[in-house]
Structure formats: structure tokens, C-alpha cells
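Take a look at the structure first, then read on.

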Amino acid sequence: MKLQRIEQRQVRNVEHNQMRGNQLARDRGQAMRAEMKANRLERVSTREALRDELRTNRIERLDNGMFVRNANLGTRVVRAEDFSNRARGYGVGGCPPGLMDKGCMPPGQAAKLLGTRFSDAERIVTLGSVPYSVRYLYPDTNDFYYRYGDGYMYRVDRGTSLIDALLPLAFGGYMPGSYFPSSYMNSYVPDYYGLNSFYPASYDYGFGSSYGYGNTCNRYANGVIYQVDCMTGFVENVIPMYAGGYGVGQMLPTGYGYYNVPDQYRSLYYDTSDYGYWYAPGAIYQYDPSSSMITSVAALLSPGFNIGQPLPMGYDVYNVPYDYRATYYDTPSAMYRYNNGNIYQIDPATMLVTAIVASILT
Amino acid sequence: MKTQALTLGLAAILLAAGGCNNKASENRTNAQTPEAQKAAGTKTIAAGLAANGKFMAAAKAAGLDQTLAGAGPYTVLVPDDAAFDKAPAGTFDAKPENRAQLTGILTNMILSGTMLVDDIDKAIDRGKGKALLATMGGTLTATKDGGKTVLTDSKGNKATITQGDEKYSNGVVHHVDAVLMPAKPAAQPPTKAG
């Protein structure tokens, strides 16, 4: 009898423990759900903040562009004003189709100069010698020489004096204020080292489908990212990339007449009377202030990390510079990776970027 | 007398033009700010690689010679001259119209930070036989083959590190026996607007 009671008590204890365990599991589940909810909310607010920031930046960039175009301040603006008195390439001066009669030259019209005599072309467009700083990129030979103007580099055959080649100096030719061709609207930003996540197809919830906040979409053509109105293709912003082929010997668009080098590189690359510096995804460019032509690539940059983001694909290998290896080496509790002037700490368990631990350029 | 004066005048013009060209080349070699030169150190990758080699010739045509003389640090995969010769004709042509393609190829062989061969090998071991490396223009896969470190591009081209860990003040160079190509050729500017 006593034995039976003991057995019954044991069974009750087991059941009780089980219930208690279930209760704990439920509590844990609730806590986890609450945490996930908090994380979700945080992600949403971060995304909203990011979106707001992007939007502000874009507006600021556009404002700056307008300001530079209109305010007539500083050497670069003076340069822009100089150009404004001449016929310009469609891709250089931000000249929309409706203003062609005010001095802009669309690519189709420029193409008509192919095969014409150089002296005849000079009556239509203002052509100048290639600036010394980029002459090594367009070297004169016994067969031909180069002249530039209106957003194009013209190659002239010495034997016939005919223009035998035309190279666009701006990137593809679609500037803020113009319309992106509908045939390119399905051309998304490539996935080179995660660029498509930095410049998603749209900025809507989930960063996936077609239409986003302010109706802005990212599209890609010929080495350049275009932020366009999803419906109309109206170009709001232009973001050239070095790895996409936008580089030396080409011109900065006048809309980018402001210094935008990332903070950690500013002590190294600052504007001087001989050279200016300008940042676009992938590179810090050095350019000749008198012609706006890119003379060299001062530094190559990758898209960078944000604190809290997962470590992007492709950073499997430890890459910390020599002088910092004694301090920042991988351990089971922390990993370190270098990127764009900074050393980042990564949590090996979650593979999230947790902190910037050193900035090696400042 | 008149002819003589004309000749002298012409000579003066030519001398002036020559002087300008010299100025241009001076600008090219001293283009960096003093701070950038100091950060890059004395023996940079650009200074260490053979100036007459095919890699530096291609780098100059893409405006990357200044980059490799800059602060960095970078890890650069340098194909030997024989590897350049094996590439399809015209791949490394320095003509302006080929510059976009050249840029895409070279940036696919430059990586951010300092990666020694030992670092790559350790990552391969951790990754159970392979590691992914983000380059400035794409992604490479690293594996081991017969004790040597092999890098494969997205098209399946393989390059073996023949001489690694050549250290410079602004990074490290690994010599490889083949050219690695980017995912797709960099697009050329459109011939006409849509």
C-alpha cells in the first residue's frame, strides 16, 4: 500500500516536473518571440531610418547639384559655367531632351559627326586639345590624334582629317532630369560583392518588388547605377562605379561638383589647385579641375560594412594589415576583418559585424 | 633671314610643347598628396612590380598605377607575363575603347586588406576545402591542389599561386600563373541612347 503511494507520488512528481518544463519552454518561447518582435521592430525602424537617410542624402545631392549648377561659387562652378555657354553632350550637362534647342547635343547628333571632316565638325561643336594630365590615356600617334568637347572624345584620322571614332566621356548619357530608356528598366544592379543589396531594385518593404518609397527604383546600365522613378523612368540620381568601367579619361558630371570623399580618407585625399578628389562606389577618383577629367584612381574601395549587418560573402580570409595583426587576430570569441580603412570585429557565432575596433588611416 | 627666324620660332614652340609634356609626366609621378604618399610608405606595390611588366602596363592604362602607389592596403594577384600572352588577343589592349574591359579584369585581381597565403590556406581549411574571396570587382574561390593554393574565377578559370607573400608597405602581392576574369565583361558605353 505504502509502496503504491510512493509510486503514485513519483508519477505525480514526474508529471509536475514535465509540466514545469513545458511552462519554462513556453516562457522561453514567449521571451524569444518578444525578442524576435523587438528585433523585427528594430529592423523595421533601422530600415526606415536608412531609407530616410538615403532619401535625405539623395535630396541633398540633388540640391547640391542644383546649387552647384546655379550658384556660381568656387572653381568647379566657374568651370561648369564655362561649359554652359557651349554646346554640350547629352550626358554632361544634365540637359533633358526638351532643352536640345538650348545647346545640348544628344548622342544621335554627335554620332552624325562620325566620318565628317574635323574642320566641319569644329563649326558645330567647340573642340579642344586633350588636357596634359590625361594625354597619356589618349596618346597621339602617327595615324590619329584626339580632341574633346561636348562630352565626347573625337579621334581624328591624320591621313584623311576625318573623325573616325567617338568616345563618350560621361557614363552612358542618362543624367538627372532625363528619362531612362524603358528597355533598361529590367536591368538590375549586379551582385558584385553585394552591390545589389546596397542598391536594391526598390526600397519598399522587403526591398524586393517593383515600387518603393517615393517611387524610387535602382537600375543599372553600362557601369552606372541609376536611381529612377519606377513608373516613368525619370532619372533622379546617377551613381557611377569603377568596377563597372567608369574610370580614367572620362569626365565627372557637373552635377557632382562637390567634395564627397568618405571621412576616413579625407586626410589623404583633399582638393588642391592641381587635383580634385571625388568618391563613387568602388573608388576615390582623382580628377583634373580644369577639364573635369578623371586622371587616376586614388583608392579602390569595397562597399563597406555596417555595424549589425551579417558579414558579407567573400570575407572568409583574415586580411588585417601587418601592423595590426599582433592586436587583432582571430580567436574563438572574435574575428577581425579589414575594410575601407577600418578594422571590424565580427562575432563568430552569429557572423554579425559587431564593432569598428580601429581606423588605420586617421 | 626670314626662314631662319621662322625655324627658330618653330623650335621655340616645340621646346615649349616638350616642356609642357615633361610637366605632364611630372604631374603623373607626383600626383598624390604628401599625406597619401606618407601613408603608402616607401616600397609600395607600384614601385616593387616590374615597371616594364605587362601587369603594370595594364594597371597604368586603367589608372590603377596611382592606386597601387597609394595607402591601401591591397592584396594583388599578379599574373606573370606569359599568362598575359595566353589571354585572348586584345584582352589587355590599352586603347581607350578597351579601358572598361581592362578595368573590370584588373579590379577582379585586387582585394581589400592584406591576405597572406597562410591566411588563405587557413580559411580553406576552416571552410572544409574552399574559401570565398571578395575582390574589388567580383568573387574568387580558393582551394588547395597538390599543396598549392589555387584561385578560381566565376567562369571556372584557375590560377595557381606560384610565388606568394611578396610584402610591400601598402600590401602584399601573390604571383599567379593565369589571368582571372570577372563574372561578365564590363559593359561598353551604349552606342545610342534608347
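## Where the two chains touch

The contact between the chains draws on 64 residues from chain B and 56 residues from chain A, with contact meaning heavy atoms within 4.5 Å. Together, chain B and chain A bury about 4,700 Å², and 60% of that is on carbon and sulfur atoms. Buried area here is the accessible area (1.4 Å probe) that two parts lose on being put together, summed over both.

Keep in mind that this is a predicted model, where local features need pLDDT of at least 70 and side-chain atom pairs count only at pLDDT 80 or more, while totals for chains, interfaces and linings use all residues. As for bookkeeping, residues are numbered from 1 along each chain as its sequence is written, chains are lettered from A and ligands numbered from 1 in the order in which they are written, and side-chain values use heavy atoms, with hydrogens and water left out.

## Polar links across the interface

How many residue pairs are in polar contact between chain B and chain A? The count is 15, with both residues at pLDDT 80 or more. On the side of chain B that touches chain A, the residues split into 32 nonpolar, 22 polar and 10 charged. For a polar contact, look for a pair of N or O atoms within 3.5 Å; within protein, one must be able to donate a hydrogen and the other to accept it, and residues adjacent in sequence count only if both atoms are side-chain atoms.

The partners are Arg325(A) and Asp119(B), at 2.7 Å from N to O. Arg325(A) is buried at 16% relative accessibility, and Asp119(B) is buried too, at 8%. The cut-offs are under 20% relative accessible area for buried, over 50% for exposed, and partly exposed in between (1.4 Å probe, protein chains only).

## Charge pairs inside chain A

Over all chains, the structure holds eight salt bridges. One of the pairs in chain A is Arg337(A) with Asp330(A), whose closest N and O atoms are 3.1 Å apart. Arg337(A) is buried, with a relative accessible area of 0%, whereas Asp330(A) is partly exposed at 27%.

Another pair joins Arg266(A) and Asp263(A), at 3.8 Å from N to O. Here Arg266(A) is partly exposed at 33% relative accessibility, and Asp263(A) is exposed at 62%.

## Chain A as a whole

Chain A has six helices and 15 strands; these are DSSP runs (helices H or I, at least four residues; strands E, at least two), numbered from the N terminus. Of its 362 residues, 48% are buried.

One spot to check is Asp150(A), in the loop between strand E4 (144-149) and strand E5 (152-157). Asp150(A) is buried, at 3% relative accessibility. From Asp150(A) to Pro168(A) is 18 residues in sequence and 9.2 Å in space, C-alpha to C-alpha.

Note on methods:
Salt bridge = Lys/Arg side-chain N within 4 Å of Asp/Glu carboxyl O. Nonpolar A, V, L, I, M, F, W, Y, C, P; charged D, E, K, R; others polar.
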